[in-house]
Amino acid sequence: MIDIVAVLRAEDAVLDFLSVLTVPESLHRQDEVHEVREVHVLLGDTGEHLVLPAGLPPAERLAAVARHIRPVDEDAASPGPEALATLIEAAARGAEARLWTHSPADTRRGRGRLGRDAAAAVAPGGPAVLHAVGHSPYLQFISDLDRPLDRAGVEAKLAFVNRHCGHLLRTDSAEYVIQTGRVHATERFFAAGSAEERERLFALLASLDEDAASVPDPWEFATSAYEAERLDRTVAWIAEHCPPGSGPLIEVGACEGALTTRLADKGFTVHAAEPNPAFRRRLAERVADTARVRPDALEELAAGQELPGAAYLLIEMLYYGQDLTLLDRLPADLVFVALEPVTLATRLTPWLESAPHWEKAGETPLVAPALETVCGGRAYLSKRGSVGVLLRRTGA
């Protein structure tokens, strides 16, 4: 058996995979073999292939990896599935092998992409793939294999970081800084059940970048009890203040239409704006002739002022640093805003206190916080709750 560790950068091999590099398999299986097996380390950022022969002492293995530690490089990226397939095939050499790599949901997007690409690079019948949970502050994973390090193992990991990664302890780079939570005393791994599971894990952490749309319904609106309650309560809240027939609603950031279709079903006229092309295609297919689809983002709608309506809907989308003064230029006197409570308190409320053109006409709790599983039960996370705020233009 050959172990292949595919990582973005050299330090990752120690931070997330020390138990693979240095701990004899016997200590995991309780058999009588005590030799550390052959390990191949593939460095995605440089394309290098390190071979750590069977029996090479742990200290020498770590020294071999340390020689490849590099400065912070914000441009470091996965070489892609094809290049990784070539590296993996060269490492396995047709022998029985296991591939260890990053989680597609690692919050450090370079690592997440490499983990997704490495798994995609494995041909049918190729090495079994195990993903390290890695850095995942927003998800709790249900792992398939946990390897707690003993004190000597933890000390070896800390010594490696202090001796070879001092620049990563000091860096301001969120992608590369080494902090306590990124140095694991127990290394946890899972085997993704399918390519779809890996793609969903990757998309779930993509936020607003293009990767969020790489799978349909990345936030699982169609299957989530929490999201269904949130959307249904949002429709009821809108209808209380702006019933069907009052005029068109302009929904900003409509995504794939989970809210749009509910509004249309209640008899509302909806203009659904979605700038992401992949989401917009799915939105158009879903709403067909029941709503009008536009490509505009909030900034474009405010700049053009060509789409007046009874109200604008900014539902769960003011999380990304948008300039709130854009609301002044929206051609409507009502704006429905929904946000999780902390963002409401720290972002919208302070702005509203000094906004000359808007007043809060009402505030409605839409859904309480809850814990919910995602990606077929592979992980779970906290849904933060949602509060609706109705803004009315004052005419000042």
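1. Basis of the note. This is a predicted model, in which local features need pLDDT of at least 70 and side-chain atom pairs count only at pLDDT 80 or more, while totals for chains, interfaces and linings use all residues. Residues are numbered from 1 along each chain as its sequence is written, and side-chain values use heavy atoms, with hydrogens and water left out.

2. Nonpolar cores. A nonpolar core is here a set of buried Ala, Val, Leu, Ile, Met, Phe, Trp, Tyr and Cys residues joined through side-chain atoms within 4.5 Å, where buried means under 20% relative accessible area, exposed over 50% and partly exposed in between (1.4 Å probe, protein chains only). The largest such core has 52 residues, and those with the most contacts inside it are Ile 4, Val 5, Phe 17, Leu 21, Val 41, Leu 99 and Phe 160. A second, separate core of 28 residues includes Tyr 312, Met 317, Leu 330 and Leu 352. In soluble globular proteins, nonpolar side chains tend to be buried together.

3. Surroundings of Ile 4. If neighbours within four places in sequence are left aside, Ile 4 is in contact (heavy atoms within 4.5 Å) with several residues, among them His 40, Leu 42, Ile 88, Leu 99 and Trp 100.

4. Helix H4. Helices (H or I, at least four residues) and strands (E, at least two) are DSSP runs, numbered from the N terminus. In helix H4, residues 58–66, the buried positions are Arg 61, Leu 62, Ala 64, Val 65 and Ala 66, and the buried residues of H4 pack against helices H1, H2 and H7 and against strands E2 and E3.

5. Ser 103. This serine lies in the loop between strand E4 (97–101) and helix H6 (109–121), and Ser 103 is buried, with a relative accessible area of 0%. A polar atom of the Ser 103 side chain lies 2.9 Å from the backbone nitrogen of Ala 105. Beyond neighbours within four places in sequence, the contacts of Ser 103 include Arg 111, His 131, Phe 141 and Phe 190.

6. Ser 224. The loop between helix H9 (195–204) and helix H10 (225–241) holds Ser 224, which counts as buried at 7% relative accessibility. The side chain of Ser 224 makes a polar contact with the side chain of Glu 372 at 2.6 Å; such a contact is a pair of N or O atoms within 3.5 Å, of which, within protein, one must be able to donate a hydrogen and the other to accept it, and residues adjacent in sequence count only if both atoms are side-chain atoms. Ser 224 and Val 374 are 150 residues apart in sequence, yet 8.4 Å apart in space, C-alpha to C-alpha.

7. The three-stranded sheet. An open sheet has the strand order E6-E16-E15, with antiparallel pairing, where two strands pair if DSSP finds at least two bridges between them. Five bridges join E15 (residues 370–374) to E16, with Ala 370 partnered by Lys 383, and two bridges join E6 (residues 140–141) to E16 (residues 379–383), with Phe 141 partnered by Ala 379.
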